[in-house]
Amino acid sequence: MTILSTLFPPYWHMKKTTYKDKQIFLELVSKKRMSNCPMCGTPSSRIHSHYVRSIKDLPLTGYTVHLS
């Protein structure tokens, strides 16, 4: 377990971590088999999307953090 993995809930698995040019790239995978739709609350086990997020309001020791 790394210090970065303690920042996420236990149902997230940190698949890959890369450091480059004052940036940290974290590839995360959910361990949940199902989740509820935030709009209607219907449970679903289908993956609806994949996306990358950049966290700009919380730098980690001067690094930009990208979540995938």
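## Core, salt bridge and pocket

At 13% relative accessibility, His 66 counts as buried (under 20% relative accessible area is buried, over 50% exposed, in between partly exposed, with a 1.4 Å probe on protein chains only). This is a predicted model, where local features need pLDDT of at least 70 and side-chain atom pairs count only at pLDDT 80 or more, while totals for chains, interfaces and linings use all residues. Residues are numbered from 1 along each chain as its sequence is written, and side-chain values use heavy atoms, leaving out hydrogens and water.

His 66 sits in strand β6 (strands are DSSP runs of E with at least two residues, numbered from the N terminus). Its side chain makes a polar contact with the side chain of Gln 23, at 2.7 Å; that term means a pair of N or O atoms within 3.5 Å, one able to donate a hydrogen and the other to accept it within protein, and residues adjacent in sequence count only if both atoms are side-chain atoms.

Leu 67 is also placed in β6. Its C-alpha atom is separated by 5.0 Å from that of Leu 26, 41 residues away along the chain.

Next, the charged pair. The whole structure has one salt bridge (a side-chain nitrogen of Lys or Arg within 4 Å of a carboxyl oxygen of Asp or Glu). Glu 27 pairs with Lys 15, their closest N and O atoms being 3.8 Å apart. The partners are 12 residues apart, Glu 27 in β2 and Lys 15 in β1 (residues 12–20).

Here is how some of these residues compare in exposure:

| Residue | Relative accessible area | Class |
|---|---|---|
| Leu 67 | 18% | buried |
| Glu 27 | 29% | partly exposed |
| Lys 15 | 55% | exposed |

Finally, the largest pocket holds about 1,000 Å³ of space. Of its 27 lining residues, the closest to the centre are Trp 12, Ser 30, Ile 47, Ser 49 and Tyr 51. A pocket here is an open set of points on a 1 Å grid over the protein atoms alone, where a 1.4 Å probe fits, with protein on both sides within 12 Å along at least five of seven lines; lining residues have an atom within 4 Å of a point. β2 supplies the largest share of the lining, four residues.

Definitions and conventions:
Points joined across faces, edges and corners; volume = space filled by probe spheres on them.
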